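Please look over the sequence and the model shown here before reading on. The paragraphs that follow go from terms to the whole chain, and then to individual residues.

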Amino acid sequence: MPDSADTDAPVRDSARGRYRFREYHVTTVPDPLALPAFTAVCVTAGEESNCGATSGTLDTPDELTCWIARHCAQTGHQHYEQTVRAILRAEPGAWQ
């Protein structure tokens with residue numbers, strides 16, 4: 001029975017659980033149902049800052065190359081940053 005002076009003291013849980021996870025290897029593979037997305041940003045330095053023109057999201061590398069070619073023809077800019085986004089699926093291997 002608790003002492004009347006300790007009735008407001010917090011009760012400690014004496015049954016603490018401990019969780020251990022076994023190691024396993026995870027590989028990632030592109031999701032075959034999701035299409036990748038391509039974007040480019042012109043990073044050609046101007047007098048005060050980079051150009052910053054962006055292609056928007058495109059579906060193929062060829063579309064991206066066409067956008068870069070058009071921008072280059074219009075402005076003479078030659079430096080671009082490319083981003084490729086893809087949906088990946090994690091595939092856990094066997095437990096070790």
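A residue is called buried when its relative accessible area is under 20%, exposed when that area is over 50%, and partly exposed in between, with a 1.4 Å probe and protein chains only. Helices (H or I, at least four residues) and strands (E, at least two) are DSSP runs, numbered from the N terminus. With these terms, S2 can be described as mostly covered, since five of its six residues are buried.

The model is predicted, so that local features need pLDDT of at least 70 and side-chain atom pairs count only at pLDDT 80 or more, while totals for chains, interfaces and linings use all residues. Residues are numbered from 1 along each chain as its sequence is written, and side-chain values use heavy atoms, with hydrogens and water left out.

The protein chain holds one helix and four strands, and read from the N terminus the order of these elements is β-β-α-β-β. Of its 96 residues, 12% count as buried. The accessible surface, computed by the Shrake-Rupley method with a 1.4 Å probe and, for residues, with only the protein chains shown as cover, comes to about 8500 Å², and 52% of this surface belongs to carbon and sulfur atoms. If contact is taken as heavy atoms within 4.5 Å, then among contacts between residues at least 6 apart in sequence, 62% join residues at least 24 apart.

Strand S2 pairs with S3 in the antiparallel sense over six bridges, where two strands are said to pair if DSSP finds at least two bridges between them. Within this pairing, valine 41 stands opposite glutamate 81 in S3.

Which cysteine sulfur is closest to that of cysteine 42? The closest one belongs to cysteine 51, at 3.9 Å, which is too far for a bond, given that a disulfide is a pair of cysteine sulfur atoms within 2.5 Å. A search of the whole structure accordingly finds zero disulfides. Cysteine 42 is buried, at a relative accessible area of 1%, whereas cysteine 66, at 42%, counts as partly exposed.

Threonine 44 lies in the loop between strand S2 (37-42) and helix H1 (61-75), and with a relative accessible area of 14% this residue is buried. Leaving aside neighbours within four places in sequence, threonine 44 is in contact with Ser49, Asn50, Cys51, His77, Gln78 and His79. A polar atom of the threonine 44 side chain lies 3.1 Å from the backbone nitrogen of histidine 79.

The side chain of threonine 75 reaches the backbone oxygen of histidine 71 at 2.6 Å. The C-alpha atoms of threonine 75 and cysteine 51 are separated by 9.7 Å, although these residues are 24 apart along the chain.

Aromatic rings of Phe, Tyr and Trp (its six-membered ring) pair if their centres lie within 6.5 Å, and planes under 30 degrees apart count as stacked, over 60 as edge-to-face and the rest as tilted. By this rule the count comes to one aromatic pair. The rings of tryptophan 67 and tyrosine 80 have centres 6.0 Å apart and planes at 85°, so the pair is edge-to-face. This pair links distant parts of the chain, with tryptophan 67 in helix H1 and tyrosine 80 in strand S3 (residues 80-85), 13 residues apart. Tryptophan 67 counts as buried, at 13% relative accessibility.

Note on methods
Polar contact = N/O pair within 3.5 Å; in protein donor to acceptor, adjacent residues only side chain to side chain.
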